[in-house]
Structures are given as C-alpha cells and as structure tokens.
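Hello,

I am passing a structure on to you, with a few notes on its core and pockets. Please open it and follow along.

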Amino acid sequence: MFLSAFAESQFLRVMQGVSFTAPPQVFVGLFLSSPGEFGNTGTEMAYTNYARQPVTFAIPSPEGQGIGIRNNSQITFPQSPTNAGTVRYIGIYDAVTGGNMYLYGELAEDLPVTQGDSPVLLIDEVLFFSIGDLSFAYKTRLFNVIRGQTLDGISPSPFVALFNGDPETGGSELAGSNYARAPIVFSAPDKEMSGITITRNIQRVNFNRPTADWGNWTWTALYDAATAGECVWKQQRSTAKQLSRGIMPFVEANAMTAGIN
C-alpha cells in the first residue's frame, strides 16, 4: 500500500522545517478502481447511503522488514440497496467527502457488494507498512500523523552524520578531533516520472577537516539534530572510505536524495 502524492510532499517538507499537520480524524473509502496517487482517478462506491467511515489505527509496530499500522476496530459501512460492484481498493482521507488522501492500496481479496450487503473491514485487516531507507523512528512518526500526531519540521535544518555500520543496528558514529555533523539544505519536493517524490541537497555539504583519524565511513545518515537526536534516513556507501587525518569528506550538491513512495 502507498502514500499519496499529498502525503509524500507534506512529509518531505519536514526536511525544510515545515511541520506535517495531523488531521483531526481520518476516514476510509471503498473504491472499485485505484484512486491513484492524487486520490481523484478511481471510482468510489456510490450506492444510496454509502459514506466513508471513520478509522483508527493501533500504535505502529514491526511488519516484516519495516514498520506498519493496522486498524484497531471493525469498520462497517451502510447497507447497499443494490448490487454496487466489487471493492478492490481503499483510500484514507481527512474528510468524509473530498479532502486530502493520505494512503491508498489494493485489497488482498476482492470484496463484492451485493444487494443487502454491509461491507465490513475486520480488525487488523487494513494494513499499511513502510520499508526502505527511512529510519524506523521516522516511519513511526510518519504513521503517527495518520493517528493524530503532528510531525514537527526539522529546524534549523537536518544534519548529515557519518557512520561505521548501520546507525540503527549498532553502528558507531565516526569520532575524532574536529568531527561534527554537517548541516544540509534540501530542495522543495519534486514528483519524479517514476512516481517517487524526492528532495535533493541544493548545496555542497562540507565537513570539517580531520585533525586525527575518524575511522571507516561505511554509512551516511541524516539526523534531526546537530548532536544526539534521531536518525531520519540512512544509506550504505557502495565502498567504504577511511577518513584519515587531512582527508576532508564532503557531499556534492544534488548527490544526496531523500525519497518516499
């Protein structure tokens, strides 16, 4: 299941210091065909008395290699007076009609709605999950927006940190004389032809010049603070680089991207 274009853009604007405001309530809609990334291309159920229904989600938790959320109560739609079609997709919106779509996806099994049926989505049946380079902490924060918790923008900017090993599974941040995380400035979110929304660093990121050995640079991480804080994104380098005295690391403009889909 996927983030909408709206949610992708709002989330990436957090990198520019803009908060992702949580909706006061979210609703699930039933679709005969995919609503698409912008939430306006599919065919939504339209039988008499049909309406999107409120949905609440449990605390984000591990799902396979990622983090996910599931509905924590049964969702029952009004009874259909006719054969209304087969539900194949759902969308999560911030309004009963219109509004902004946040998440959408295809059902694991088709849901035919015939005369007299009240469509039902059982507890835990609605699952959205995220994998990839976004950190566990920020996958959780992203899903918590859907649960009513606003995600504050990172201010004054995110910071790039250098690691030996995975920052989330026991890796060590490099250290030594003159080491410090470096601030990074990102562009406005941009929708790629592939469907992924990305943001890029618009300036070269320069680190201090090592005055002693810092260690082996194997992972690059984005953090929400100059010291401590939480990892936002992480990425393993294709080749490790030993940062010895005098070898100043840097990241060229447009070389670091943060993307989500």
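By class, how many nonpolar, polar and charged residues does the lining of the second largest pocket have? Keep that in mind while we look around; please remember that this is a predicted model.

Let's begin with the pocket in question. The second largest pocket holds about 230 Å³ of space, and 11 residues line it. Nearest its centre lie Leu107, Ala108, Glu109, Leu121 and Glu125. Strand β8 (101-113) and strand β9 (120-121) each supply at least two lining residues, and β8 gives the most, with six. And the count by class: seven nonpolar, no polar and four charged residues.

Now for the largest pocket, where the space comes to about 700 Å³. Its lining has 33 residues, and Gly132, Asp133, Leu134, Trp233 and Gly259 are the ones nearest the centre. By class, there are 22 nonpolar, eight polar and three charged residues in this lining. The biggest share comes from β18, with five residues.

Trp233 turns up again in the largest nonpolar core, which has 64 residues. Together with Phe11, Phe20, Phe57, Ile92, Phe128 and Leu222, Trp233 touches the most other members.

Enjoy exploring!

Definitions and conventions. Residues are numbered from 1 along each chain as its sequence is written. This is a predicted model: local features need pLDDT of at least 70, side-chain atom pairs count only at pLDDT 80 or more; totals for chains, interfaces and linings use all residues. Side-chain values use heavy atoms; hydrogens and water are left out. A nonpolar core is a set of buried Ala, Val, Leu, Ile, Met, Phe, Trp, Tyr and Cys residues joined through side-chain atoms within 4.5 Å. Buried means under 20% relative accessible area, exposed over 50%, partly exposed in between (1.4 Å probe, protein chains only). On a 1 Å grid over the protein atoms alone, a cavity is a set of points where a 1.4 Å probe fits but cannot get out, and a pocket is an open set with protein on both sides within 12 Å along at least five of seven lines; lining residues have an atom within 4 Å of a point. Grid points are joined across faces, edges and corners, and a volume is the space filled by probe spheres set on the points. Helices (H or I, at least four residues) and strands (E, at least two) are DSSP runs, numbered from the N terminus. Ala, Val, Leu, Ile, Met, Phe, Trp, Tyr, Cys and Pro count as nonpolar, Asp, Glu, Lys and Arg as charged, and the others, Gly among them, as polar.
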